[in-house]
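I opened the model to look up a few things about its chains. These are my notes, in the order in which I made them.

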Amino acid sequence: MHHNPNMTMPKPFWNSLVLSCCLLLGCGDSFLDEQNPQSVGFDHIKDVESLTAATTGVYSNFNAVNYYGRTFIVTPELIGDNTFISFRNGGRYLNHDRFAVTNGDGAVTGAWTAMYRVVANANLALSAAEAIDWPVGQQQEANQLVGELLACRALAYFDLQRFFAQPYNFTADAAHPGVPLVTGHSSDIISPSRATTAEVYQQIVADLLRAEQLLQPQVKDGYFGRYAAQALLAKVYLYMEDWQNAEKYATLVIEQAPYSLLTRDVYVGSWAEKFSSESILEIGFTETSNNGANSIGYLTEQAAYGELLATKDLYDSYAEGDVRKTLFEPGDRVGGESDTYFIRKYPRGATTRDDNAKVLRLSEIYLIRAEARAEMGKTDASKNPGAQEDLMTIIHRANPDASEVSAVGDALVLLILDERRRELAVEGNRLFDLNRKKQPLVHRGHDAATEYTYPNNRFIMPIPYSEINANPNVEQNPGWN
Amino acid sequence: MKISKRIRETCSLGMLLLCLIMTWSVFLPDPVNAQQTVTGTVVSNVDGAPLPGVTVSLKQGIANSITDDNGYFRISVPDGSAVIVFAYLGYDSQEVPVQNRQSLQVRLQQSEHLIDEVQITVPYGNQTRRSFTGSATTVRGEDLADRPRTSFQTSLQGNVAGLQVMESTGQPGAAPTVRLRGITSFDANNAPLYVVDGVPMLTQNVSGLAFSSNSGAGINPNDIESVTVLKDASATSIYGSQAANGVIMITTKNGKAGRTDINFSANYGINRISTGERNKPLSTSEMTELLVEGVINSEINDALRAITTPEAAYEYLLNQGLNPNINTDWYDVIVQTGQYQQYNLSASGGTEKTRFFLSGNYYTQDAVTKGQGFERKTGRLNIQHQANERLSFNGRISAAAQKLNTIPGAGTGQNPMRSLNRLVPWLAPYDENGGYNMSITHNPELVRLENRYETNIYQAVGNVSAEYKLLKSLAIESRAGIDFSFSDDFRYWSPLSRDGMGSNGRGMQYDRTWNNWTVTNLLKFNEHFSDWGINVTLGQEASRRNLKSVSTQANNYVAEDLYTLANTSEPYIAWSSESHASLASYFLIGNFDYAEKYYLNASVRRDGSSRFGQDVRYGNFWSIGLAWNLHKEGFLQGIDVINQLKLRASIGTSGNQLGDYYGALGYYSTNQNYLNLPGFAIGQIESGSLRWERNRPLDVGLEFALFNNRLDGAVDWYSRQTSDLIQDMPISHTNGVTSLNYNVGGMKNYGVEIALNSRNIVSKDGQGFAWSTNFNITTQHNKVTAYQDGRRVEGRFLREVGGDFYQFYLREYAGVNPQTGEALWYTNSSRDATTTAYNEAAPYKLEGKSALADFFGGITNTFSYKGVSLSALVYFNWGGSVYDVWGQYTQSDGSARLSETGAISRKAYENRWQQPGDDAAYPKIVYGGSQSGLTGQESTRFLYDGSYIRLRDVTLSYQLPADQLRLPFRSTTVYVRGNNLYTYVKDDLLPFDPETDISGLLDQNLPIARQFVFGINVRF
């Protein structure tokens, strides 16, 4: 075959050339520069839209299984006297059930991680928001988001303090170790040491006071608004034993916010619903965004795992006629305990598994004010009737036949504590309430009980081993190795 | 950007070369004018039989040819003074001057130095064993074909010194754990690089949901000509950043010119759990016996304290819900005798110009548990074409479809092994009416029959290449390879199942597409100058891995037996993601020899990886290997005993990339959502200075062939020092993430490998009795040589400088107090004191307890007489501890009461404490007790000696005397084969088969099968 140079190129040549050009594109300038297609850079926050997405990301950490998804609701009740794990179980929370938590506990570690993820993401978003010169038209929206970020951070620090540090009143000046306090954002890896409890609470209060100023009063289900920040502030002051401010903020919420107590007849049904009229802050889940088999309801519903059961002691604490008693259903657990009590506060666990976590309800605000007034009543008797009235508001809502309370002083405070147990059972408060009220703890199972005295190293959780391992500056809680 | 520009230029150059080669083929005339043709036949000196496939080439010039089935050849020569070279594997090469003859009769002499001449596959080419300075083992295709194992990888077990192949699950189609000469990395990849016909292939679990899958199972083992395991720097460094864990080269078959060869084989067999009798579940009466004892022993409350007689205890148990009338043998419910079938058909042949290999394979195997199995269909076409004397093409493509049924394993409730080990016998899978017993959380029958766990993997792996000889000694080659796989996972949770109950059924469809490509361009120079030989290859390579994952889920099915998501009413999840990684490389390989005595192999490679930060993404790798063929020296010439003696040594570097494609970047993850609104949160913090892991293999070896080649073998001492090991190290959680990738440590692996092949008895004519033995053994030592902070506990292991990487760190179980029956643990490593309170015992490093085996290997004996052949492979894995992760549940000592998953193991039944004075291995049973048997009480109680010896593969075959039987086939062989026939387990207390992955953790996975197979091979 002779090739004529004047001839046009044969077809295969052009085909090859086209092929080579196509393949060449694969070797472009950026051949070795790959970006994760499921990510944005840390410099992404520039406007309201991106700050909204960052704030949404902060809230999403509350959904974590080991935070408001399940662990932070389950463990304070399990270590306390309200619930226990069935002997027919899948191995979840057994160490908590046996009062034998270790520093490597996955649930405790997960809670620590999720709480600090709220903090770190809020810090990063806050530092970005502060660097933006907001146009006038966007200032209010920006303020709302910054207020939410501050309130989220405050809630996370409050929860960290409750879980991992002794309560505010553990020492006279709250100078005992709190949790590491980080409020800014650094591009370097940090290994912070623990702040004092006083310092952390100071930050929580400062964040909430600033949030109160920035947030709008409108209620937005599942998010912080002004009243939710005030309600949290009331609870924080209660833990700090700042009775005046606790009463002040409780009153603010009771009198000014658009919440109302549910009536007795809709109370039980409300547990299958979301965002009721007395709900101040709920961490929301949806049918498509939930923890599935790891949701709280899946752990309590008998058609699901159903291995978290209520103690007889809790059941017996409700008077006959108390509507709340019906949230604990007597029965025999299939393949498990006979004569036990099923928890029905998270009934969506058997179906859509998207029960919301109820963080703050109006009934608790009444009980906060009752407790603040009862404590003040020890030195100022004029506060006692208000305390008794607030307590009766909650008792009578559940049980109209209950008799009036006439106790004052410590007796009244203990009655309020008992009422908190009944009203807030299986909502993640019991251990914290006993500890801050310096009470002993009777750890209960199906057929056994053990009493632990106050003060007790085991009433708070160990700093997780993985933190200790990575952060040489953080000190372990006493009594944990 | 300079670097990128250079890459583009190189890539372009490569692609242009490929295109030009293709184009030239069309319009370039044959460069050599054929002036004369010589024909003839080539025969063997042994029996005078014609030799097919002999390479016939010109000493001066580039023309070449191959003899056909009858030994006939035809070649063009420039003139009558030309010299023709005849070369054939196993025979001495012969140079024959044409001397103006037109016809030649050539008689080739069988080579005395057979071992020397064996061709081995090396990166970017082939070498003879004589010239190779590295350590390599070649496994022939016949040792892989027609085995009842889903992948070639598992058949390598026991056959290759230095290579450890571990099946951590008996799930057919699962990827085995493969480690060459120990472990090189903490967190990054530890698996060898697999190269199929010159193109790197991703060999791993490629699916999204399957409990385990293996893209390597998509390669039909019957298609494999040979597998070469390259172990040291000399051979592996040329793959640079991918070669830290060794390289396994797979070469598929190709046809020979001449008569078309057609092969058919069929296999049928059965399989059954291999060590199931070790731990049969307890019956209801046996469990009751334990529980009655437990109730009497129990003092956890007043009611139990009051019970002292067996009658009262039994009464109590009945009241608690024990049902004595049901006795379910979960072994019968869950375990099955499965079937195995394999059919293979191949055809190969061709002409001098075009050769081909074509095959199809069907394979199916049930698992040892009901409802799980594997099925594979593959097809392959390999084709080689010599367009003219300068230009040749090579194309290889295989397509495979794998189908797996994999119920989740390990700790999941659906795992049938969990059900087998944990479900109590007084529960029945079905109720009186034949319906499912819904009181069992995960009823294994319901899970198996109502849910679906289907995975389909579709693969295409292949390459096209073209080679053009510019001069006799200079050639260019371009190659483009693809490694494509698409996995289609489908899960269905029935409304009856625990998982699907709340949503009235859920369907899940996950698709993953891997689209990986590699382009290679080579410039090859090969020349001899008197005694000097030189062989140099300059290369450039670019590759990219692309993964796209799509998943969707929906709830609420309209009717039973409808599975596609179109039958649902509620969309639930819609999701997709992508990830990419690229690698650009340049390399130079040089092989030099003098007088076939002294050899030098050297290589350098520069790799750029997208997985590292811009300033550190390039790594340079090199190797040098030396070999000295002592038997060619004068001073050994007179010694008849020595047929071959070669001393070799190699050293070099290779690397390991970050496992995570984006592991060095800092970013917000955008997959967050709250109340169905999109958001982002800190996903990862940047670690921009992260470097390659560096690996420095050193190998010194002696190869020999003695006594007229009756005994040959190799002894190697190896050492592999890795540094800059990457680990995802914990950082304070206050940073928003819990870990960050750092270069933190170093590790050293060293040991000795010995491989011996002995022809103990040989038969002169191939018909008499013959016996041969192949033996290999490998010792391995692992030592952490550097580690951030020197020491860290990770799970059940202590990582400490000076210790090995899989050193167990646990609380130590001190047995049982003979008087009280209570469990004891040592309080600390001094072992001075014991405690009955688990919390008071401190965990510590357990001296001498490592998951790594001390040595492993295999011995194969083959006996043959006339057409009968018997071969047996015994595999051994000795030393090393295994830990039963779930022992804390199955040895609950009564603490689980009557829980549905409270079954107690037979080993505990047989070895528990019963009365004062008992010297028992396990404590007393205490109903509802908490002194021992609680979950979370991990200790050496569940740590066992993992040593075992396995009769791995026994084959008895008979080649039918075809001519006597007047069969219409060229040859017919029938055989029976047994796989994993017998296993000796050293530790009597170990309830399970000890084979697991490198970490020694027994994780409730499917046991491997014992198989019996009948097969027939027919060659037309």
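The entries below go from each chain to the contact between the chains and then to single residues.

**Ground rules.** I noted that this is a predicted model, in which local features need pLDDT of at least 70, side-chain atom pairs count only at pLDDT 80 or more, and totals for chains, interfaces and linings use all residues. Residues are numbered from 1 along each chain as its sequence is written, while chains are lettered from A and ligands numbered from 1 in the order in which they are written.

**Chain A, overall.** I looked up the secondary structure of chain A and found 18 helices and eleven strands. Helices (H or I, at least four residues) and strands (E, at least two) are DSSP runs, numbered from the N terminus. The C-alpha trace of chain A spans about 115 × 60 × 45 Å along its principal axes. Of its 481 residues, 52% count as buried. A residue is buried if 20 or more other C-beta atoms lie within 10 Å of its own, exposed if 12 or fewer, and partly exposed in between, with C-beta atoms placed from the backbone. I then checked contacts, where two residues are in contact if their C-beta atoms, placed from the backbone, lie within 7 Å. Of the contacts in chain A between residues at least 6 apart in sequence, 68% join residues at least 24 apart.

**Chain A, record entries.** UniProt places "domain: SusD-like N-terminal" (unreviewed entry) at residues 31-238 of chain A. That span is 54% helix and 6% strand, and its end C-alpha atoms lie 59 Å apart. UniProt also lists "domain: RagB/SusD" (unreviewed entry) at residues 341-480 of chain A. Residues 341-480 are 42% helix and 11% strand, with end C-alpha atoms 33 Å apart. I kept in mind that UniProt positions are given in the numbering used here, that feature names are shortened, and that annotations may be inferred rather than shown by experiment.

**Helix α15 of chain A.** Which residues of α15(A) are buried? I listed A:N384, A:A387, A:Q388, A:D390, A:L391, A:I394, A:I395, A:R397 and A:A398. These buried residues pack against α11 (264-267), α14 (362-377) and α16 (409-423) of chain A.

**Chain B, overall.** I found 14 helices and 52 strands in chain B. Its radius of gyration is 32 Å, close to the 31 Å that the globule rule gives for 1020 residues, so chain B is as compact as a globular protein of that length. The radius is taken over C-alpha atoms, and the rule is 2.2 Å times the number of residues to the power 0.38. The C-alpha trace of chain B spans about 110 × 70 × 65 Å along its principal axes, and 50% of the 1020 residues count as buried.

**Domains of chain B.** Chain B is divided into domain 1 (34-111) and domain 2 (126-148 + 152-255 + 262-269). The bounds come from an automatic or database domain assignment. The centres of the two domains, taken over C-alpha atoms, are 36 Å apart.

**Where the chains touch.** I looked up the contact and found 80 residues from chain A and 74 residues from chain B. On the chain A side, α1 (11-25), β1 (39-40), α2 (48-60), α5 (94-97), α6 (106-131) and α18 (465-470) each supply at least two residues. By class, this side has 37 nonpolar, 34 polar and nine charged residues. Ala, Val, Leu, Ile, Met, Phe, Trp, Tyr, Cys and Pro count as nonpolar, Asp, Glu, Lys and Arg as charged, and the others, Gly among them, as polar.

**B:Y844.** I found B:Y844 in strand β44 (residues 844-850) of chain B. B:Y844 counts as partly exposed because it has 19 C-beta neighbours inside 10 Å. Leaving aside neighbours within four places in sequence, B:Y844 is in contact with B:Y809, B:N828 and B:S829.

Most residues other than glycine have a negative phi, and most peptide bonds are trans. A cis peptide bond joins A:Y454 and A:P455, with omega about -5°. A:D339, not a glycine, has a positive phi of about 50°. A:D339 is in the loop between β7 (328-331) and β8 (340-343), and is exposed, with 11 other C-beta atoms within 10 Å.
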